[in-house]
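Have the viewer open while you read.

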Amino acid sequence: MTRWIAARLGRAGFTLLLLISFTFFALMISADPALQILGPDAGPEAIAAFREKWNLDKPLWYRYLTYLNGVLHLDLGLSYRTGEPAIHMVLDRLPATLALMIPTAIVSLLIGVPAGIYAAYMHRTTADRVTMLLSVVGLAIPNFLVGILLMYFFSVRLGWLTPSGIVGWSSFIMPILTMATAEAGIFARFTRSAMIELLQHPMVETGMASGFSRWKVLFVHVLPNAALPLLTVAGLFMGSLIGGAVITENVFSWPGTGRLLVESVGARDFTVVQTTVLLIGSTMILANLAVDLSYLWIDPRLRDARQVARR
Amino acid sequence: MRLLNLEPYMLRPQYSLPAYILPALMSVGIAFAANANELSIAVQKVPDSLDPALENSNVNQRIMWSLFNTLVTVDYRDGGKMVPGLATDWDVISPRTVEFKLREGVTFHNGDSFDAEDVAYTFSPERLQREGGSSGTTVVTKPFLGGIENVEVMDPMTVRITMKEPDAIIVQRFANYPSQILSKEGLKEADSQEDYSKHPIGTGPYRLVDYELGEHVTLEAFGNYWGEEKAAAEKVTFTVVPEVSTRIAGLRSGQFDIITEVGPDSLEQINKAPNTQSAGGPVENIRGLIYDSTNDILDDPSIRQAMNLAIDRQAIVDSLYHGRTEVPHGWQLDIFGDMFLADRSTPEYDPERARSLLDEAGYDGEEIVYRTQNAYYTNEIETAQILQSMWTEVGLNVKLDVKETWAQVMEDTEDRHIFNGSFTAYYPDPMGQFWRRFGPNGGWAQEDVFEVEPEMLRLGDTLSTSPDLEERRRVFSEMLDIFQADPDGAALHLLTQFFGVNTDRIELDPMPTLYLDLTTSGVRYQDQK
């Protein structure tokens, strides 16, 4: 079991290294930030001064190793734009993103899971089809469109909600709704298919034959078994907590990490882009690791199987 | 080996989760900016630094007019006339030297009174040649103020500035960006130069209250402002709203009084709504093309001349800008004042002559590559496509090559033939526009996009140093003639700046410049009319 955990940890570490390297090279190759930051008006002297200041005149391998060394010491560099530590800028924006994403997770689960259970329970009826149609629609409409439609309706037409920024609790309504329409759709579909598969399991028939009510069979026997695939999806979602709101944050001008990312890409502020991507990637990797490890705890079969195999 | 520095990982209290949620929960929900004397402006970006010496950008210039003043003021509402600012009088003692008599009784936002020491500090190497920001101030200020030799304080209210070389626009230099005056005392109150750049102290109609990078800039009316036109609002907030559709929704719902960076295609939508109108138009910037004449095809001036004759500029203005911009009279603007050559016509459109010029040059359909980005400039790709079809009309074979970055556009290979550019008139003078970009010190000449001919160099020398207005006008006219026959580029139209305005609340009268006037001459509240 220790070896199994060690293997997972090793894999997570290696993924992280790949992530760091890919982001670094992709950004460095994509464009010379000097011209992009200083603009086409800048003279050759200005460009040379900028390159020197940010080590851009050094060879790529040198910059890569310097960066890697920095990461190992938790030093992710200074922002090209402000000269502040990049991590500072990213962490400053994190609370606003979490304040949006955590309620979104709760709302999505509260809508998605019951809808999935209901659809599974009503399998092959009109109710099932309507629920699934709604989930597909929610999933298929891009967030920016949902956001703008909501804004048009609630802000421009009705004048009930402020379209952008955080001015009060009501500011949370439209962004959360925007993201929850898509996320709830995903949760509903996964819950439904996991449940349908399990509903065909002999234990359901046995339970019913033993005189339990349908609902009791559903909640006591089927749902816990459906938890595993759901956990995987939820893990993926947790991984996207930091980076998941990029589009929504931009539409609603939300002061979070997603908007910082777009802003920094636009400004070619590579260190901030790298730091944000690194943070998003690490959360994703950690969330997956946590899901892997929690299988051990939730699923007795996995735990036992390991022990059996070791014996 | 470096030790771990965990300081950057500590969350600052103003950003903690409760800091976002508590006020949000306590407020009653809808907080539209309907407060009588406040002004809420949605911008696509706020500057990375408010110090004029650290950032030269449209987002910074928009705020500068409210925070600072220059020694001499350009009156954009009166053809760019130079009027007294923080200096009441000036005297060009020699082609290299100017003396300013300073205005008495001017107060900075920190209460400090304005005098010659502040001017000396503003133009000192200590301020203009330092590290900081993304590139340090030298990079930003050198093209404008790098020519200063020294600044002498003659008495507390008199300053004499000497340039290294004779300078025909010596007064303009102190009337325009980045010559905004900062308080010397303000630096002492700040932790460092870098820190001072985050909250610089000026003499403008508004003072800075709050500035959060990427979020907002908040200003407040300055009670002791010396000028005649006072701050129109008690409080002004520039809020970042990156999406244009969100800015429009915010305008229409009453959240914002003014929105900036509205594209020409959104004007109609704003004008049709009952409570909003568009404002703005051309600014002091010419959108143009640059021709690389160092290759076998474009080294023939008659081909470049033919390319210019084939462009129907008015058609671009009418179709892409709904007629809300202008075609310039060559490389000049009417805010040039005395240097504006009003008798010069707009560039000629004559496809017939273009065809015959191409025939005479023996042009045989060789491929000409036009490098463009998608949307660095407003309507960039659309303009490129229209130009391509106009050139095809006269028999030119132009291929569009869409690039993603300036580095790709500028890459010096054989197929760099045509690319896009803009020509801001940093000074209302050909020195600040035409000769800055097409002269020998401009980036393009330095990067071998073209070579500046000896005759041009000779004339340019007179243009930059002569104090004689009539001589300068004659020389500039000659230069434009030479350019027309052997063009290194094409002037297309003036770039634009459009706003959306909540007309239930205010009336906005923007100036033809990137500076945004929020004094009583630029903004009027409807209920105070």
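## Chain A and its two domains

Chain A splits into domain 1 (2-72) and domain 2 (93-310), with bounds that come from an automatic or database domain assignment. Before going on, a word on the source: this is a predicted model, where local features need pLDDT of at least 70, side-chain atom pairs count only at pLDDT 80 or more, and totals for chains, interfaces and linings use all residues. Residues are numbered from 1 along each chain as its sequence is written, while chains are lettered from A and ligands numbered from 1 in the order in which they are written.

The C-alpha centres of domain 1 and domain 2 of chain A sit 32 Å apart. Where they touch, domain 1 of chain A puts in 14 residues and domain 2 of chain A 13 residues; contact here is C-beta atoms, placed from the backbone, within 7 Å of each other. On the domain 1 side of chain A, the elements giving two or more residues are helix 1 (2-30) and helix 2 (33-38). Helix 1 of chain A has the largest share of that side, with 10 residues. Sorted by class, the domain 1 side holds 10 nonpolar, three polar and one charged residues. In that count Ala, Val, Leu, Ile, Met, Phe, Trp, Tyr, Cys and Pro are nonpolar, Asp, Glu, Lys and Arg are charged, and the others, Gly among them, are polar.

What is chain A built from? It has 14 helices and zero strands. Helices (H or I, at least four residues) and strands (E, at least two) are DSSP runs, numbered from the N terminus. The C-alpha trace of chain A spans about 85 × 65 × 30 Å along its principal axes. Of its 311 residues, 40% are buried, that is, they have 20 or more other C-beta atoms (placed from the backbone) within 10 Å of their own; 12 or fewer makes a residue exposed, and in between is partly exposed. Among the chain A contacts with a separation of 6 or more, 73% come from residues 24 or more positions apart.

## The sheets of chain B

Over in chain B, an open sheet of 10 strands runs in the order 8-9-10-1-11-16-12-15-13-14, with mixed pairing. Strands count as paired if DSSP finds at least two bridges between them. Strand 8 and strand 14 (397-403) of chain B are the edges, each with a single partner strand, so one side of each has no neighbour in the sheet.

Chain B also has an open sheet of four strands in the order 4-5-7-6, with antiparallel pairing. Its edges are strand 4 (87-94) and strand 6 (148-155) of chain B; each has a single partner strand, so one side of each is left without a neighbour in the sheet. From one strand to the next, the twist averages 20 degrees.

| Strand | Partner strand | Bridges |
|---|---|---|
| Strand 8 (residues 206-212) of chain B | Strand 9 (residues 216-221) of chain B | six bridges |
| Strand 5 (residues 97-102) of chain B | Strand 7 (residues 158-163) of chain B | five bridges |

Within the hairpin of strand 8 and strand 9 of chain B, three residues lie between the strands, and B:Gly214 takes a positive phi near 75 degrees. B:Glu212 has B:His216 in strand 9 as its bridge partner, and B:Tyr211 stands opposite B:Val217 in strand 9. In the other pair, B:Phe100 is bridged to B:Val159 in strand 7 of chain B.

Helix 2 (residues 58-67) of chain B lies across strand 1 (38-43), strand 8, strand 9 and strand 10 (235-240) of chain B, at about 145 degrees to strand 8. Axes are lines fitted to C-alpha atoms, for helices over the stretch in contact, and angles run from 0 to 180 degrees between N-to-C directions.

## Around B:Phe68

B:Phe68 is in the loop between helix 2 and strand 2 (72-75) of chain B. Is B:Phe68 buried or exposed? B:Phe68 is buried, with 27 other C-beta atoms within 10 Å. Leaving aside neighbours within four places in sequence, its contacts are B:Pro52, B:Gln180, B:Ile181, B:Gly202, B:Thr203 and B:Gly204. The C-alpha atoms of B:Phe68 and B:Arg207 are 8.8 Å apart, although 139 residues separate them along the chain.

## The largest nonpolar core

The largest nonpolar core has 201 residues, of which B:Ala306, B:Ala310 and B:Leu518 touch the most other members. Such a core is a set of buried Ala, Val, Leu, Ile, Met, Phe, Trp, Tyr and Cys residues joined through C-beta atoms within 7 Å.

Definitions and conventions: Contact = placed C-beta atoms within 7 Å.
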